[in-house]
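Reader: Can you walk me through this one? Keep it short.

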Amino acid sequence: RGRLRVHLRATWLSGKTRPMEYRVAQLEALGRFLDEKKQDILEATASDMGKRRWGPEGLFELGLVMERENFLTSKFWPFLQVTQLDSAFIRKDPYGVVLIIAPWNYPIHLFLVPLIGAIAAGNCVIVKPSETSKNTERLVAEMLSCYLDNDCFAVVTAGVQETTRLLENKFDYIFFTGSASVGRIIMTAAAKHLTPVTLELGGKNPCYVSDTCDVQNVARRVAWGRFFNAGQTCIAPDYVLCSVEMQEKLMPALREAITEFFGSNPRESPDFGRIVGDKQFRRIRALLCSGRVAIGGQTDEKERYIAPTVLADVLPSDPAMQEEIFGPILPIVVVANMDEAIDFINARPRPLAIYAFSCDSKVRVLERTSSGGFCGNDTLMHVTLTSLPFGGIGNSGLGKYHGKFTFDTFTHHRGCLHRNMGLEALNALRYPPYSQQKLGLLTATFEIKRKGTCTLL
Amino acid sequence: MEKMQQVVGRARAAFNSGRCRSLEFRMQQLKALERMVQEKEEEILAAIKADLHKCGHNAYSHEILGVLGELALAMDKLPSWAAPQPVKKNLLTMRDEAYIRPEPLGVVLIIGAWNYPFVLVMQPLVGAIAAGNAVVVKPSEISENTARLVADLLPQYLDRELYPVVTGGVPETTALLTQRFDHILYTGNSTVGKIVMAAAAKHLTPVTLELGGKSPCYIDTDCDLAVACRRITWGKYMNCGQTCIAPDYILCDPSIQSKVVENIKETLQEFYGEDVKSSPDYERIINKHHFRRILGLLEGQKIAHGGESDEASCFIAPTILTDVSAESKVMEEEIFGPVLPIVTVKSVDEAIEFINCREKPLALYVFSNNKKLIKRVISETSSGGFTGNDVIMHFFLSTLPFGGVGNSGMGAYHGKHSFETFSHRRACLIKDLKMETTNKLRYPPGSQKKVDWAKFFLLKQFNKVRIGLIALGLLGIVAAVVIKVSCF
């Protein structure tokens, strides 16, 4: 492992990843990986996540295609363009050898999107896929090396202990997607080497539903967001806040939406996934004793199946409200009004996303809360727009990516100034010995500078 | 510990009250800060003089001018910086509002350094206030006069709960770092930088670390040596070498080494006269500890010029060392003093290699008439910032982000970059509750057809001129119908 890093660092120092042509070639190779191995990818992710149809992974594949498009078309070049201001410019320098640690819930998407940005930015990359999504981990470890330059890009498979040892090495950037507790460990390890990090974490994403709403559309959008990937989505609406009247109206609407999506027996629907592992299954199952089960609630340990479930009248003290659910359970917590909902949200750690459904007042929720991102009248959709930055705040993360933001994440923005060797007389103002007159002139030129754009200083 | 909790707690409560959210409030505070700098100019200059023996001209141009500039810029640009920024949409979001909303982070901590004790707390403070945060300011205790002054002045001009000043040394800073902040901006050395980041990690607090290192200065044989040396002399010996972006050491061909020394000697004479000690424009080392540390670096070195010192006044003369070996002590740590080692290299390749096998510096300087050579050095090395044919100056352009990379730091500030450092850029998508038909594309049950349609909607970038609302609506309906039909 140490040798691998040393090897990559040597390649980095050789400058192999700097030329544009090289980076484009690698990105095109990644594209070929996606196209040629599509079936293998779908099968691997299906076995990991219990999906049996193209499902969410397919939708996210679109995200990958989008990201790649961004970088391979003319949109790429302006990113690298130095920002010219006279003879001053900002150079986008790669960091060096970067580490991407990916999670298990969208095992391809969540390493590939950062990888695309890291390659486009000119770095060497070590990817560590999640050991929990074993099939995808194996696929990535075996196949990626057939497409990408092994001198610059490597895949490392590692469990908790080996990852800890991996983190003792010095990287020039670490990109991590996962839980807040592991995020702290990563950042602490990074601190030892002064390595900058991006942490894409999680939290409980509140979903406020006001009384002025088209209930059926709300129910569909919330149900879609919640039960996508069997709830194992960092930006899934974690719980609903609404009035007791709205809870009453939502229930049949949610039931209808679930049936519309997954049929009368979701267990048989090829579009409804499974929980990734036994440990996670048991954890989520334990959350069912919160409030009362209004829809669903069935489980099957062998299949790691948990039915799309809605819990009514959940209390803030209930188990389902103590941790990020990350499963197909939607608790509804009753609040008196929007102000109470906002106070409820603000009393808790800042989430990765906040959702608000309303015909008129969703923007008030936006303005009085803080979160990574916000989507009004829908769930999840804000992350499909790559012109929007994706990232958390506080406990839900630091840094951001998607589209150009990924590229910027993996580059050091270096301020450069090119001065003329001539015009030395103008510099006289800054040299000692100093006099009152010099200071007066200096202040005067400063005034000129403020009004104009020349750098006389 | 309790005191820190109280101070930070009060700042947080004040932030939560929402009063620093409005632009008017922020402008008002920035204006008050500007008044403070203008009205108390004499006191500020006096404090800096007491700490660093810095003359009025230098103190004004290094510390006050920059702050005034930053304030003017922030007040001028705040409305545009703080405005929500609409973003490019795709077909699917065409009817929606999509924008990035800059929001304050919350309570931020600014830890200053002693070498430019006023500007290094004030400049970040301007950005943090402009971005709408509450700010805890912790000036360096080593520059004690300025620290005391900042602690006295800020409460007289700014909101006391939102912008408290905390004074003290290591124990107080350690206690402060156990509190939760929403961003920490630290200026100082790498060792403490690691401690700050580790403390921040416990709360997942983002950090901006403005650290240091040895900033190399390469002088090409093809350059106007007299001009180059004058500029280097200015940048090296200003503030008695105690500048994070001072050219730390020189790399040049052995054939020009003696000329370089001659030129610098001449310039020193020009700047400080025969007796440097009596020049009012030459500063002193901050304290005895650093005085002794810097003198220690001279051991065993060939002193081509200078070397005189006086412990009582912490005076060290501008010193030049020649034929310095890469392994010597003076080449191991950041000098942060008026000692300029010259290391000879036989080519620009050797210079690049020399720079690259060391930690990434905060600044890199190259003097040459050959533009291609300069371009080459920039592209084959990495550094926080860069100035060609001068030193220090990239610091003064507020459009350039100022920060380090690797051991020299992370994050950046100055001008708009300060505002962005202290803001959260929140992604916002506001949709309609209608247009449900297009949503059917994404709902289960799934199908390949749905994927293909979704691809179309997501990948086509929205161009207002190209497709009308009606056409889109029709498209959505057609898609929905096609899918419904194909599912039977």
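**Annotation, confidence and packing**

Author: UniProt, in an unreviewed entry, lists residues 23–50 of chain B as "coiled-coil region". UniProt positions follow the numbering used here, feature names are shortened, and annotations may be inferred rather than shown by experiment. This is a predicted model: local features need pLDDT of at least 70, side-chain atom pairs count only at pLDDT 80 or more, and totals for chains, interfaces and linings use all residues. Residues are numbered from 1 along each chain as written, chains are lettered from A and ligands numbered from 1 in written order, and side-chain values use heavy atoms, without hydrogens and water.

Reader: What pLDDT does chain A average?

Author: Chain A averages 88, and 89% of its residues score at least 70. pLDDT is the predictor's confidence in each residue, from 0 to 100.

Reader: Where does it stay under 50?

Author: Over residues 74–86 of chain A, with 26 contacts (heavy atoms within 4.5 Å) beyond four places in sequence. Residues 452–457 of chain A are also below 50. That stretch has twelve contacts beyond near neighbours in sequence.

Reader: Switching to packing. Which residues of H2(A) meet H6(A)?

Author: Arg23(A), Gln26(A), Leu27(A), Leu30(A) and Leu34(A). Their partners in H6(A) include Leu112(A) and Ile116(A).

Technical notes. Helix = DSSP H or I, 4+ residues; strand = E, 2+ residues; numbered from the N terminus.
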